[in-house]
Amino acid sequence: MWGIELKEWIGWGFGLAGVVLAAWLAYYFDRKKKSDPPPKGDTNIGGFTGNVQTESGSVTQQIATEGYQAGGDMTIGMTAEQVAEIVKAAVSAKRKDSRPPEDLKGIIEALETLHAAGLAEAEAKLKAGQTERAKIDLKKLAIEREHEGRAADRRAAQAYRSLGAIAFLNDTDEALDACRKATELDSEDPDGWNMYGRILYRVGKIDEAEQVLRKVLSLGNRAKDKSVIGAATGNLGLIYQIRGDLDRAEEMHSKSLELHEELGSKEGMAVQYGNLGLVYLTRGDLDRAEEMHGKSLELHEELGNKEGMARQYGNLGLIYLTRSDLDRAEEMLGRSLELYEELGSKEGMAIQFGNLGLIYLTRGDLDRAEEMHSKSLRLNEEVGNKEGMASQYGNLGLICQDRGDLNRAEDMHRKALALNEELGRKEGMANQYGNLGLIYQGRGDLDQAEEMHRKSLCLNEELGHKEGLANQYGNLGRFHRDHGDSDEAKHMLGKALVLHEELGNKEGLATCYVNLGSLYLDKGDRDEARRLWREALGLFQEVGAQDRIAQTQALLAELDKDDD
């Protein structure tokens, strides 16, 4: 599959949104003359190499902020103008009597800390969007308070939290250090722990992030604070989701949704609808996923939350991508990208460049696809997002496969696999095992190919991931055909066909028809091969997969020529 665009990480004052990665279908195609035995590593006539799983974006787990933004995404590398806009919104919100938006609390706290300490010049600079003086003065203030003794610890922690909120705009390392000190000085404050967990999650330290979230949950339970409990529960759902425990993830997101409904928190409800949508998307329940993402989008629109809207446009785009509705998918992903560009969100832009790359890859425009995936990789590297990097290494590997550069492809897929293993991300591991299996298959190393496909199948079975299962059944069908076991090949391709029909995946169906047609041709049933290839051609034409249209037309032309 392609991978999930954005998981949302929510907090009462600070929050996270991550991407679960997105994988899509791409195939490279080799043909052989009917009368010749296939050379080592070649595919049989009509045989696309199968349902290669590609990844995008992010899955997951590219982290953006959920709730801690105002007209701008609190991610690394924002411009001075974008920072100034966020601070301006915070100043405006601070002047109002009503409860300030959750997404501005960090900046508001920084302004209040500077004001209370009498640091008027730093306060004025921050109000003007100039953060460096505020950061310097907040750090001095925090150090001074540290030296005053335990009575001042909470005030010092507040200064470090404020420093972390500002540093998070453009310096993750400084933000991480500030949040760590804040939790050391005030171990009872959930805001500090939640922000600390948010940054740990961003940099791929999932086990540490889980420990921090459990601390947040403990603090919420002790205080009987439903908003803290709801935030921590939903964020723990993201941890289970990245590890592939979808049942536990669904349980956590549903509990969080119930708490936010009790509190009347539309923002929290929107986040958890989105996260539940991602669980259903991974399972292949596209109708349920679309319902959840639609509800989330509606609430984000009502709240005027541009980042939330961008996330849900992206998630809906992925649903259309799975259904092979490329034009609608491109429209949704384009809307998402425009909003992320407006917000200055490098992480969000990285996600959608990657997802748009998958559309170009499906259409056979490899140069444009490479451009998109390379842009995404660069942005993910800039923000230190390991999951996003893994996704784009995998996608670039697929382009290398399509071009026949198997050595470069293997290097890319192994980089992706190593990062996914480091993250403990089962879906990403499954994708790369499948891709490596196709490389070994292309080289004629069928034993190693089978091992890789079986590993991928096993992980997809653990996840209950329909599209991943369909991909690997298709790959194993090709494997058994190469092995000369046509009955088992037909059985595997039949399983893949059923799942692609359930998903409404036209390109997956078309690929199965091509491969099944090749089996019938092997048996001498040219009429059935022709019928299946014509079915495939019609589906590829619906999708707009130009490469596959040309390849299938070539197969039919060769078949007709041989019949003359």
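One aromatic pair is present in the structure, which is a predicted model.

Trp193 and Tyr196 both belong to helix H7 (residues 190-202), where they are three residues apart and so separated by about one helical turn. Both residues of the pair, Trp193 and Tyr196, are buried.

## Helix H17 and its two ends

Helix H17 runs over residues 386-402 and has 17 residues. From the first C-alpha to the last, H17 reaches 25 Å, which is close to the 24 Å expected at 1.5 Å a residue. Because 16 of its 17 residues are buried, H17 is largely enclosed by the rest of the structure.

At the start of H17, Asn385 places a side-chain oxygen within 3.2 Å of the backbone nitrogen of Glu387. Just after the helix, Gly404 takes a positive phi of about 85°.

## Helix H20 and its buried side

Helix H20 comprises the 18 residues 446-463, and at 1.5 Å a residue it should span 26 Å; its end C-alpha atoms are 26 Å apart, so the model agrees with that expectation. The buried residues in H20 include Leu446, Ala449, Met452, His453, Ser456, Leu457, Leu459, Asn460 and Leu463. These residues cover an arc of only 165° around the axis, and they are therefore on the same side of H20.

After H20 comes Gly464, which has a positive phi, near 65°.

## Gln441 and its contact with His453

Gln441 is found in helix H19, which covers residues 426-443. With a relative accessible area of 6%, Gln441 falls under the 20% limit and is therefore buried. The side chain of Gln441 makes a polar contact, at 3.0 Å, with the side chain of His453, and His453 is itself among the buried residues of H20.

Gln441 can also be placed relative to Asn475, which is 34 residues away along the chain, while the C-alpha atoms of Gln441 and Asn475 are separated by 9.4 Å.

Terms used
Residues are numbered from 1 along each chain as its sequence is written. This is a predicted model: local features need pLDDT of at least 70, side-chain atom pairs count only at pLDDT 80 or more; totals for chains, interfaces and linings use all residues. Side-chain values use heavy atoms; hydrogens and water are left out. Rings of Phe, Tyr and Trp (its six-membered ring) pair if their centres lie within 6.5 Å; planes under 30 degrees apart count as stacked, over 60 as edge-to-face and the rest as tilted. Helices (H or I, at least four residues) and strands (E, at least two) are DSSP runs, numbered from the N terminus. Buried means under 20% relative accessible area, exposed over 50%, partly exposed in between (1.4 Å probe, protein chains only). The expected span of a helix is 1.5 Å times one less than its number of residues. A polar contact is a pair of N or O atoms within 3.5 Å; within protein, one must be able to donate a hydrogen and the other to accept it, and residues adjacent in sequence count only if both atoms are side-chain atoms. The arc is that of the directions from the helix axis to the C-beta atoms.
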